[in-house]
Amino acid sequence: MWPQPDDPVVVQRMRHAHRQARTALGVTPDHNTQEAWGWRGRTLSHPVVAPDGLAWLRVVCAPIGQIVATFWDGSLAAEQSIPDSIPRPRLRSWHDWGDEMWEYRGELYDRVPYCPIAVGASVEAMPDLPSSWWTALHIALDDIATVPTRRVTIEQAFLNLTIPRFLGASIDTAAPSWSTAHGDLHWANLCGPILHMFDWEGWGLAPTGYDVAMLHSYSLLVPALAARIRTEFADVLDTAAGRHAELVVITELLHSTTRGDNLHLADALRHRASDIMSRAQVYIPCED
């Protein structure tokens with residue numbers, strides 16, 4: 001979740017859109033709950049009451065002509081392709097509409113009785129999670145990795161440009177292998193103590209180990225948690241593919257700092273990248 005946008009025009013527009021979606025999908029707001037904003041007001045969600053019970057309504061927007069299909073259709077594609085065994089809120093129905101400037105989609109989900117582990121992508125303290133939660137995460141990520149898809153979470157062309165820029169060395173930007181990933185695995189998209197995984201809009205092919213690398217990167221400010229992830233997923237992170245996936249995620253998050261995001265993680269990310277590169281053969285010798 002993100003803070004409410006500073007721009008009152010955005011707030012008013014998205015709240016109006018949420019009302020439109022509620023009307024179209026035949027649901028009413030749950031007044032005893034709070035709204036949840038997405039990145040820079042791009043989404044607005046709120047618990048609702050549907051005729052068949054409690055639900056969750058998420059509204060996403062995009063300027064006319066600027067829809068990125070991978071993210072716009074990700075939730076629908078996940079409902080069709082991700083196995084039922086993966087714990088997540090199921091998508092019940094959706095509604096599309098637009099006006100002169102914006103496209104909107106309302107997505108109605110089951111409401112799960114568990115809360116996100118954190119209000120933001122990173123955490124400031126060790127979450128209290130049972131061993132069964134970690135086991136469930138292992139199983140879920142293994143199952144996701146085998147889902148066949150042509151969707152792409154992160155483009156190789158982006159890595160070719162950004163890895164050298166942000167890591168300051170000649171590094172092989174080509175991933176050793178690619179697997180299907182959730183694509184945005186951070187602490188606000190995971191709930192506990194029973195695992196559920198939220199926000200499937202960006203799922204698709206990514207460098208193998210991408211999800212674990214992302215969760216680890218968002219845990220760097222809590223050393224004990226980062227160590228737990230390295231222990232739990234040593235079979236992923238202690239491989240050439242896993243190390244490369246960490247560098248990919250670190251690059252992506254450092255790139256986000258140029259937009260003002262994840263600034264609190266920047267030093268820890270650079271330190272982790274230096275540590276990986278000092279212990280692994282990730283450099284390509286520069287030719288004269």
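In this predicted model, Glu107 belongs to strand E6, which spans residues 102–110. The relative accessibility of Glu107 is 1%, so the residue counts as buried, the cut-off for that class being under 20%. The side chain of Glu107 is joined to the side chain of Tyr109 by a polar contact of 2.7 Å. When residues up to four places away in sequence are left aside, Glu107 touches Trp56, Leu57, Arg58, Trp72, Ser75, Leu76, Leu91, Ser93 and Trp94.

Backbone geometry was examined next. Most residues other than glycine have a negative phi, and most peptide bonds are trans. Against this background, two residues and one peptide bond are described here.

Arg40 is not a glycine, yet its phi is positive, near 50 degrees. Arg40 is placed in the loop that runs between strand E2 (36–37) and strand E3 (43–50). With a relative accessibility of 48%, Arg40 counts as partly exposed, because the exposed class requires a value over 50%.

A positive phi is also found at Asp199, again a residue other than glycine, with a value of about 60 degrees. Asp199 is located in the loop between E10 and strand E11 (204–207). Its relative accessibility of 26% puts Asp199 in the partly exposed class.

The peptide bond between Gly192 and Pro193 is cis, with omega at about 5 degrees. Pro193 lies in the loop that links strand E9 (190–192) to strand E10 (196–197).

Definitions and conventions
Residues are numbered from 1 along each chain as its sequence is written. This is a predicted model: local features need pLDDT of at least 70, side-chain atom pairs count only at pLDDT 80 or more; totals for chains, interfaces and linings use all residues. Side-chain values use heavy atoms; hydrogens and water are left out. Helices (H or I, at least four residues) and strands (E, at least two) are DSSP runs, numbered from the N terminus. Buried means under 20% relative accessible area, exposed over 50%, partly exposed in between (1.4 Å probe, protein chains only). A polar contact is a pair of N or O atoms within 3.5 Å; within protein, one must be able to donate a hydrogen and the other to accept it, and residues adjacent in sequence count only if both atoms are side-chain atoms. Contact means heavy atoms within 4.5 Å.
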